[in-house]
Amino acid sequence: MSAVEFEELELTADDGVRLALRHVIGGSAEGPVALLLHGHGVSSDMFATEETRNLAEVLRDNGIDTYALDWRGSCRLPYNERGPRFTYDHVAAFDIPAAVRTVRERTGGRPLYVIAHCIGALALGASLTAGLVPGLAGVVAHGVFLTPRMSATARMRLGVGAELLRRAGPIPTDFRAVGLFSRRTPLFAALTVGAGRCPDPTCRIVHNAWGAGGELFLHDNLHPATHRRLADLAGPIPTWTLPHLRRAELAHTMVRFDDRDARFAALPASAVESADRIDCPVMLLAGSENRFWYDSNALCADVLAHRASSLDVRYREIPGYGHLDAFLGRGAAIDVFGHILEFLEET
Amino acid sequence: MTEPEMTVDELLALADGTRPEPADPSGSPRVVGMDPAGIEAALIRAAGRMAARPVGSDTDLFDAGLTSAQAVELVAELEHELGSELDLGAVFADPRPSAIARAVGSPGESAGDELALVRADLRRADELPFVGPPRTDEPRCLLLTGATGFVGVHVLAELLRRSDAHVVCLARAADDAAALARIATAAKEYGVPWNTEVRRRVTAVAGDLAAPRLGLDDVRWQALAAEVDGVVSVGAEVDFVRGYRSLGGANVAGPLSLAELASVGPVPLHHVSSLGAFNQIGIEAMDEDGPLARVDRLGSGYDRSKWASDVALQRARDHGLVVTLLRPGGIGGNRSTGAHNAHDLSSAITAALTRYRTIPAFRCLNTAPVDWVARLTAAAVLDPGSWGGNYHLVGEPVTLDDLVRGLTLAGMAPTVQPWDEWRSGILERIDGVAELAFLATMLRSPSACALAQASLSVPAAGTARARELAVRHGIEPAPGFDVSAQLRTLTAMDRTGLARLPGRDSTPHVAFDETLTGAVDSRPCTIALTLSAAGMHQLLTERRLDVRGTVECDLLPGGALTVSGDLVIRPDGGVPVDAAELRHPLMEYRLAGTDGTGTDWTVVAHKTARLGRDIASQTRTATVELTSAAEAYSGTVSFAPRDYLRDGVDGLRIDPALSARERRQAKAVWFAWFGGQVGRGLLQPALRAFAELWDLRGARDDGGSRQWQRGLR
């Protein structure tokens, strides 16, 4: 079992922004294909942590040809810090369709699965319900999908905080870059209020979801080496996507942010109301202890069962996991990836 | 060897040709005219029908594959035939047909032999070799026993997820493949992951704890000893009915064989012992490094066997072996999956509690959820710094008061009774309840009763070292047993029929009436309903009320329609029915009934929250649809504010079994919860509209932002 190596590919989103697409070396050239979508502020590296048995490795060893997209919210790309500004409309309309198209061109007619985490899954939900990525073999959405819902505290922090920080620029993640005596130190400190007991400031701000509150991962589930590397795995978060997140969360359904831009006209006004456009099986995954999106995915499974009962939707809860640790955690292969492999085999 | 189907009656008659005398009125179990050899022969044949393996006169019935329940059944048949009650303790102290026959013939003679067996087992510890210290690297290959059991399979999963070690699991089976299949079955039964990622790190080895050298041949024994760099001993026979002779093989000889194996390396041995080793009525303290109970004062063979293995392995420490002793108390269900051991005493007591609402009085409960016990066990195994200590794996001690309060909120207010009263009350009520037959077995067994009674009387266990271990590994302290942490377990028990959670048919915790009037297709319509909840648990987890009532409307051909169903508050979690128009569901009535002509109808009514100043009317007005296979009508119904005050506030009914104080508390909790939920639902459209105003500030403006950032840098 060797560590994961990537072939780096060029990819340009449909509005001309340069992204990164990575192909896992050593996957099967005949087997099914998987495209991985990371969450906002992290990157495709979240699927390839060297210190643990990671998803890219597990998929490769099980004969799946794997690609990982760095969409514009990736910390391996500069856009979170320097712009151009974007909303999740851009991701759903420009990034995900471009990546799916490129992977399809390279893999021909082989079945293509998309495995998405957090905001990646939320944006994928918008792309799917807009009919921009038809014909997928299946979708795995972790944490959240069409129905974002946070705790009341997070809602308040997100609502008020987004206003206070609107002009503050990206929220930093790496405490070493902020330093102990810079003018951003008090902001950094304020955003870690309510984080767990870990003394590491970078862990505190990521754990505290950059100030949104809740818990982005269960501390206990991370490998010590992953914990040390959090500043590499996660980057700054821009404040300009917060209004979109706030609007979708308050509505409890993924909504289009920009109603006036014709390029986004295909995106649904409410993803739940357009759910019947989804044309593939969906597996919703969530940690039983998710303290960021809580039971959003259980809710999504319920809502889709009532309102779009013809869809093939299954929900799997992962006992003892929070949010990000379902991919980064040291036992994720045992507890989480088994469900994903099972879904890929069954559909 | 197949025997024709025969009753014990026939067998006994065959065996010696006599009928037993009727029971002696003095209650003495001595049987007159009954030949022990005859009883023995009869037992062998009867047990042979039930057991998986052949039974001889010196075969332990349990080793032959009999379950406790089957064994009790066997004894019950025997009792019936003999016409007298047998002492279950005496029968199971030595469950070989020859010994049972002796015990039946002359009761009270076999009990004293147990201490001699304990002494003999302890002498085996002295024969262990003397060894030096083990290497203190993180283990790469571990031997685990008990992976087919409830605790063991949870420990297996924790070892896999917290380390990169390979785990060799010893399980009783015909061959390695069958052993692996048994572990897979246990994993599935107890909700533990079992997939390709797990299988690549697990090897199963067929063996037997009770057999010399674990039942392995020399080659395998040597290979295993050379390969593993740690031994985790979880496997044990957990049976409170059987005696020491029957349990000592797996529970004492097994761990000693593991100590022998660990001495080859030498590698550390981590043994899951039990607080049972302290389980003596009147014990003053249960400290991790303090003295255990006196073995002759332990009431059950199980506690004695756990005592003996604990003491034997403490002795092994004097030979240089590094031994970690992990002592859990009661083990509760998994907090995340609800997985539980359905045939364990605490599950049985919990199940009886949910059905009959009584609990035996206790001093404090030394328990912890299985996920936490497994997590701490794995932490101790994987951290060389913690090897060699004694750890009590119990959570915060639970007091009677904590438990009663939690149960009352869940709608299961219990009555606390002294042990004897509780036991006899439960025994009367569970007669014939199939799911609780094993509880009846235990409550009739003096050995299991002694164990249960002692564990209800002991003080809180000392947990200083376990706490320190948890803190060092960043593990949250465990709640002992609290109702909210065990809700998933209770729900799982309810699903399998073991427990009975409050439901539609039980006396409601809270109930009130509601009459909605209006028009459906321009014809007057009256919906008179009674809404109720069995407990706060149902409201908090499902936001659902049970509904019963009638629908009157002259469109209905069969006259008034009797309906039942649910009212869900904020259905679908408030996910909008029309996001663009800010319309969110507030309440949904889903009712169904059959009218006088035999037609099935569904009645669905919706209250919707929207942006507007008619907030009060949004809570009172519902659109309603009456649908049958052939017809569909729709309309609007509502109630007047004063009707709500009359029915919903003044007319609110609380479970009369609660005391006046508890009823006031329940009322306040209901209003706070209901008001909060309706308020949240109504607020949602307004909040969204307010946030839209904020968005006017211009999400794309970045001029100011650059200035501000420059200033900051």
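In chain A, the axes of helix α5 (residues 152-164) and helix α11 (residues 242-251) come within 10 Å and cross at roughly 150 degrees. Angles over 145 degrees count as roughly antiparallel. α5(A) is therefore roughly antiparallel to α11(A). Their crossing is left-handed. The model is predicted.

From α5(A), the contact draws on A:Arg155, A:Leu158, A:Gly159, A:Ala162 and A:Glu163. These meet A:Leu242, A:Leu245, A:Arg246, A:Glu249 and A:Leu250 of α11(A). By class, the residues of this contact are five nonpolar, one polar and four charged.

α11(A) also packs against a helix of chain B, α24 (residues 660-695). The two axes come within 9 Å and cross at roughly 165 degrees. α11(A) and α24(B) are therefore roughly antiparallel to each other. The crossing of α11(A) with α24(B) is left-handed. On the chain A side, the contact is made by A:Pro243, A:Arg246, A:Arg247, A:Leu250 and A:Ala251. α24(B) contributes B:Gln684, B:Leu687, B:Arg688, B:Ala691, B:Trp694 and B:Asp695. Six residues of the contact between α11(A) and α24(B) are nonpolar, one is polar and four are charged. A:Arg246 and A:Leu250 take part in the contact with α5(A) and also in that with α24(B).

Within chain B, helix α19 spans residues 464-472. Its buried residues are B:Ala466, B:Leu469 and B:Ala470. They lie on the same side of α19(B), because they cover an arc of only 100 degrees around the axis. Cover for these buried residues includes α14 (370-382) and β10 (390-393) of chain B. The face turned away from the buried side carries the exposed residues B:Ala464 and B:Val471. B:Gly474 follows α19(B) and has a positive phi, near 65 degrees.

A further site in chain B is B:Asp310, found in helix α12 (residues 301-317). Buried means under 20% relative accessible area. B:Asp310 has a relative accessible area of 0% and is therefore buried. Leaving aside residues up to four places away in sequence, B:Asp310 touches B:Ser273, B:Leu292, B:Leu325 and B:Arg327. B:Leu321 lies 11 residues from B:Asp310 along the chain, and the C-alpha atoms of the two are separated by 14 Å.

How values were computed. Residues are numbered from 1 along each chain as its sequence is written. Chains are lettered from A and ligands numbered from 1 in the order in which they are written. This is a predicted model: local features need pLDDT of at least 70, side-chain atom pairs count only at pLDDT 80 or more; totals for chains, interfaces and linings use all residues. Side-chain values use heavy atoms; hydrogens and water are left out. Axes are lines fitted to C-alpha atoms, for helices over the stretch in contact, and angles run from 0 to 180 degrees between N-to-C directions. Helices (H or I, at least four residues) and strands (E, at least two) are DSSP runs, numbered from the N terminus. Angles under 35 degrees count as roughly parallel, over 145 as roughly antiparallel, 65 to 115 as roughly perpendicular and the rest as oblique. A crossing is left-handed if the near helix is turned anticlockwise from the far one by less than a right angle, and right-handed if clockwise. Contact means heavy atoms within 4.5 Å. Ala, Val, Leu, Ile, Met, Phe, Trp, Tyr, Cys and Pro count as nonpolar, Asp, Glu, Lys and Arg as charged, and the others, Gly among them, as polar. Buried means under 20% relative accessible area, exposed over 50%, partly exposed in between (1.4 Å probe, protein chains only). The arc is that of the directions from the helix axis to the C-beta atoms.
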